[in-house]
Amino acid sequence: MQPASVSSPAPRRPWSFWLAIFLALALTGSVLLNMLLGLAALGNNLDPGIRARFDETLVDGERSAREKVVVLPIQGVIMEEGDGPGALRSVSRIRSMLHAVRQDKSVKAVVLDIDSPGGGVTASDQIHHELSRFRKETGIPIVALFGDVAASGGYYVAMASDEILAHTTTITGSIGVISQFPQVRDLMDKIGVQILTIKSLDEHGKPSFKDMGSPFREMRPEERKILQGLVTQMWERFVQVVAEGRKGHLEPVQVRALADGRIFTGRQALDLKLIDALGYQEDAFRRARELGKSPQAKVVRLQHRETLLDLLGGPGLSAREWSAPLRVLERATLHGPRMMYLWSGS
């Protein structure tokens, strides 16, 4: 008599199978959630993309209040670098936030929460432009509140506000421009590495400026002169923006005297009329309510919402992580030389 056969147990699924199932369900849930948010936003006559990207967090006041003061964060290095994971998109984010505020008729004032050492010349100028246009077209007052640092481009963007408050311990100022070019020629000579550059010539058959600022050779005097001229032009723009922003407080000649790259404490900035007052968060909220003529308005913070796709796209590097001077300069070098409204401390 043959023994009864025993069926072997079904093979266990590998952990990767269950992980794939979990990620697929999570992704599906995220898509459905975004669809629901889109429908809700449409019901409120608000661009669904805008509503889906930001959260409102109550900061001060009664939740039941109908009118609002909105806090917009401008933090970390101010840059606009594209769409890859970890890319800095300061301009795109503030533009989207301002668009969302425009759609909300209950907003009576805006507080800029600035904690930034500055950043790119063009990115800083774009944010200043967006804020100035918003203030002009909506009539909504803007109060800037400086945190630990509001220097260079961080100070530049604040020139679009109605009033500026800073902490006593704030570091601000640094009105100036910097552009740095690493030099590795001596190091390459030591390790026996050469870079062969083939470039176009000028109309007389002489070396052109195509590789001006190259780290692989010494900068020629005429190249330095050209670059210094560009930096000076950007500096003139900075001085003009500050003179316009502090009109009635500082004369252009006084701004030029302060625009030598120096940094100041909040107390020094107040004495020099670079800001309007010293204070804390509650002081900025009170002043925003006064300017917005809405003493009972609640204060909400508008914050970018991280989606599942953002998380799956890789952690990248946050704007705050890139605020370390060496990392900022490293990132600027990798993306090519650029003019910076940046206090790097180096």
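# A walk through the helices and salt bridges

Glu-130 and Arg-133 sit 3 residues apart in helix α4, about one turn of the helix. Helices here are DSSP runs of H or I with at least four residues, strands are runs of E with at least two, and both are numbered from the N terminus. The side chains of this pair meet in a salt bridge, with 3.1 Å from N to O. A salt bridge is counted when a side-chain nitrogen of Lys or Arg lies within 4 Å of a carboxyl oxygen of Asp or Glu. Side chains of opposite charge can pair when their charged atoms come close.

Before we go on, a word about what you are looking at. This is a predicted model, in which local features need pLDDT of at least 70 and side-chain atom pairs count only at pLDDT 80 or more, while totals for chains, interfaces and linings use all residues. Residues are numbered from 1 along each chain as its sequence is written, and side-chain values use heavy atoms, leaving out hydrogens and water.

Let us stay with Glu-130 for a moment. Glu-130 also forms a salt bridge with Arg-95, where the closest N and O atoms are 3.0 Å apart. This pair links distant parts of the chain, since Glu-130 is in helix α4 and Arg-95 in helix α3, 35 residues apart. Is Glu-130 buried or exposed? Glu-130 is buried, because its relative accessible area is 9%; buried means under 20%, exposed means over 50%, and partly exposed is in between, using a 1.4 Å probe and protein chains only.

Helix α3 covers residues 90–103, and its 14 residues should span 20 Å at 1.5 Å a residue; the end C-alpha atoms are 20 Å apart, so the two values agree. The expected span is 1.5 Å times one less than the number of residues. Among the buried residues of α3 are Val-91, Ile-94, Met-97 and Leu-98. Helix α4, residues 121–138, has 18 residues that should span 26 Å, and its end C-alpha atoms are 26 Å apart, which agrees. Its buried residues include Ile-127, His-128, Leu-131 and Phe-134, along with Glu-130. Just after α4, Gly-139 takes a positive phi of about 75°.

Lys-199, Asp-211, Arg-217, Arg-220, Glu-222 and Glu-223 are linked in a network of salt bridges. Within this group, Asp-211 pairs with Arg-217, the closest N and O atoms being 3.0 Å apart. Asp-211 counts as buried because its relative accessibility is 15%. Glu-223, found in helix α7, is buried too, with a relative accessible area of 0%. Glu-223 and Asp-211 are 12 residues apart in sequence and 9.8 Å apart in space, C-alpha to C-alpha. Which residues does Glu-223 touch, leaving aside its neighbours within four places in sequence? Glu-223 is in contact with Phe-209, Met-212 and Arg-217, where contact means heavy atoms within 4.5 Å. A search of the whole structure finds 21 salt bridges.

Leu-187, Ile-191, Val-193, Ile-195 and Phe-216 make a nonpolar surface patch of about 450 Å². Patch residues have over 30% relative accessible area and no salt bridge; like charges are joined within 9 Å, and nonpolar side chains (Val, Leu, Ile, Met, Phe, Trp, Tyr) within 5 Å. The areas come from the Shrake-Rupley method with a 1.4 Å probe, and for residues only the protein chains shown count as cover. One member, Val-193, lies in the loop between α6 (185–191) and α7 (221–245), and is partly exposed at 35%.

Our last stop is helix α10, residues 281–291, whose buried residues are Ala-284, Phe-285, Ala-288 and Arg-289. They cover an arc of only 135° around the axis, which means that they are on the same side of α10; the arc is that of the directions from the helix axis to the C-beta atoms. These buried residues pack against several strands, including β1 (54–60), β3 (107–116) and β10 (298–304). Lys-293 is exposed, with a relative accessible area of 75%.
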